[in-house]
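Here is a briefing for a reader who is meeting this structure for the first time. Please keep the sequence and the 3D view open while reading, and look up each residue as it is named.

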Amino acid sequence: MLVNDTESVVAAVREGLLPAHIYNDAEVYRDERERVFSRAWMFLAHESEIPQLGDYVVRRVLDDSFIVSRDASGEVHAMFNMCLHRGMQVCRAEEGNASHFRCPYHGWSYRNDGRIAGLPFHKEAYGGNEGFVRSGARLLPAPRLDVYNGLIFISLDPDAMPLRDFLGDFTFYLDYYTKQSAGGVELRGPQRWRIQANWKIGAENFAGDMYHTPQTHTSVVEIGLFREPKAEKRKDGNTYWAGRGGGTTYKLPPGTFEERMRYVGYPDQMIERMTGQWSQQQIDVIGRDGFMVSAASVFPNLSFVHNWPRVADSDDVLPFISLRLWQPVNEHETEVLSWFMVDKEAPEQFKRLSYKAYLMCFGSSGMFEQDDVENWVSLTSTAAGSMARRLLLNGRMGKRRDGSDLVAPLPPSEFAGPGEARVGYGEHNQRQLLAEWADLMELPPLRVEPVALGLDSPVAEVPQETP
Ligand code: FES
Ligand SMILES: [Fe+2]
């Protein structure tokens with residue numbers, strides 16, 4: 001079987017047979033740019049990163065730089081960071097507060113909602129509006145922008161389905177990470193670093209790889225970072241998939257919702273606020289069914305972690321939440337952006353210790369991070385060769401050879417969450433993530449009409465310039 005053309009790659013992936021070269025192939029990456037990242041909803045920033053009027057951050061989607069700003073009326077924008085004149089990058093800082101951005105090249109300036117504010121020598125150089133109509137000209141907005149629980153997503157496809165529909169029932173699980181109180185969450189970071197690994201590997205790992213924990217992370221367990229003495233504990237948890245995301249859970253010891261939240265280290269006042277935020281179903285997943293969300297991924301490249309290590313030499317554990325983006329640089333390199341995330345209303349002491357817990361485990365120097373990445377870098381470099389083009393990796397864990405499932409999904413009486421959840425090891429989630437990938441890889445490249453600026457007749461513009 002040829003595994004080099006898109007059609008056979010996609011067919012094999014749907015069988016859980018993974019052509020090894022998809023983890024390092026320039027052509028596959030070109031197709032991903034034109035088909036996957038041109039259509040999916042992608043995370044850019046969180047609203048709490050730009051709390052004040054005029055705040056902005058600059059973020060990338062592949063090679064496209066966007067200014068994510070909050071304008072004078074509080075509205076959030078994502079604007080393509082390229083000057084309308086000759087294409088210089090308008091904003092070169094990573095974050096800040098500004099009412100205007102001025103292009104360093106010829107000095108065109110833009111309001112923080114993207115509208116042109118100043119065009120040097122408009123009259124002398126263009127004959128005023130006779131040559132270039134200023135009104136209505138603005139930095140190119142991201143074709144679509146939408147927000148869920150403060151998470152700002154954009155899509156480069158003007159016809160993309162609404163964000164809510166894209167996320168689907170995964171929003172049920174997203175709330176555990178991003179809505180623990182009415183105040184929402186706040187973010188710290190991101191830490192950014194690059195790894196010589198394909199972007200899909202991390203996203204797949206966070207989506208459902210409970211199987212690697214006992215092997216890859218043995219040392220973290222051995223040094224007693226976790227209260228559970230054995231990494232194999234992971235197989236008692238379940239992996240769930242709903243909408244366009246999925247993740248892993250831990251099985252908690254018997255107890256009520258409150259007792260189980262306390263067991264993972266949440267103080268009572270936080271638990272009370274969560275009770276006020278979450279639906280009965282969301283509470284039941286923890287209180288009735290005994291599952292606590294851990295790592296998760298949303299297609300294509302956004303991941304979450306929730307864990308509760310020991311932060312001191314005692315039995316006390318402290319939960320932390322982190323959010324990360326696997327930002328592709330090319331087929332064999334990924335920029336990781338990793339944020340610490342915490343309930344805005346959490347006590348200061350909790351925030352401090354939770355941040356410490358996060359830094360011990362994840363982030364550029366986190367112990368888990370180091371363990372994981374060594375595997376992913378090695379995998380990526382091995383996937384570049386010609387032998388990798390002859391190999392279909394077996395990504396079928398959880399399925400019999402005849403295609404039937406080894407373990408049935410948990411019935412609603414045992415798992416209150418939407419989607420499908422299965423106890424134990426399996427690669428259902430990794431397959432789901434790649435099935436989403438396959439669906440988009442099959443489509444033709446997205447074609448869009450370019451936008452021309454400055455040629456429209458002036459819309460009853462402010463004092464018309466008279467010759
Ligand atoms: S490129 Fe920006 S002003 Fe000319
Ligand atoms: Fe890991």
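Proline 300 is found in the loop between strand 15 (291-298) and strand 16 (302-307), where helices (H or I, at least four residues) and strands (E, at least two) are DSSP runs numbered from the N terminus. This is a predicted model, in which local features need pLDDT of at least 70 and side-chain atom pairs count only at pLDDT 80 or more, while totals for chains, interfaces and linings use all residues. Residues are numbered from 1 along each chain as its sequence is written, chains are lettered from A and ligands numbered from 1 in the order in which they are written, and side-chain values use heavy atoms, with hydrogens and water left out.

**Backbone features**

- Most residues other than glycine have a negative phi, and most peptide bonds are trans.
- Proline 300 is joined to phenylalanine 299 by a cis peptide bond, with an omega of about 0 degrees.
- Another cis peptide bond joins glycine 189 and proline 190, with omega at about 5 degrees, and proline 190 has its place in strand 12 (residues 185-195).
- Leucine 62 is not a glycine, yet it has a positive phi of about 50 degrees; this residue lies in the loop between strand 3 (55-61) and strand 4 (64-70).
- With a relative accessibility of 7%, leucine 62 counts as buried, where buried means under 20% relative accessible area, exposed means over 50%, and partly exposed is in between (1.4 Å probe, protein chains only).
- Phenylalanine 121, also not a glycine, has a positive phi of about 55 degrees and is found in the loop between strand 9 (116-118) and helix 3 (122-126).
- Phenylalanine 121 is exposed, its relative accessible area being 60%.

- Histidine 212 lies in the loop between helix 6 (199-208) and helix 7 (213-216), and aspartate 372 lies in helix 13 (residues 367-382), so the pair ties together parts that are 160 residues apart in sequence.
- Histidine 212 is buried at a relative accessible area of 15%, and aspartate 372 counts as buried at 3%.

**Aromatic rings**

- A search of the whole structure finds 32 aromatic pairs; rings of Phe, Tyr and Trp (its six-membered ring) pair if their centres lie within 6.5 Å, and planes under 30 degrees apart count as stacked, over 60 as edge-to-face and the rest as tilted.
- Tyrosine 211 and tyrosine 425 form an edge-to-face pair, 5.4 Å centre to centre and with 70 degrees between the planes.
- Tyrosine 211 lies in the loop between helix 6 and helix 7, and tyrosine 425 in the loop between strand 20 (420-423) and helix 14 (428-441), so this pair ties together parts that are 214 residues apart in sequence.
- Tyrosine 211 counts as exposed at 51% relative accessibility, and tyrosine 425 as partly exposed at 27%.
- The rings of phenylalanine 340 and tyrosine 355 have centres 5.0 Å apart and planes at 55 degrees, so that pair is tilted.
- Arginine 188 lies over the face of tyrosine 355, at 4.4 Å from the ring centre; a charge sits over a ring if NZ of Lys or CZ of Arg is within 6 Å of the ring centre and within 35 degrees of the ring normal.

**Cysteines**

- The structure holds zero disulfides, a disulfide being a pair of cysteine sulfur atoms within 2.5 Å.
- Cysteine 83 counts as buried at 6% relative accessibility, and cysteine 103 is buried with a relative accessible area of 3%.
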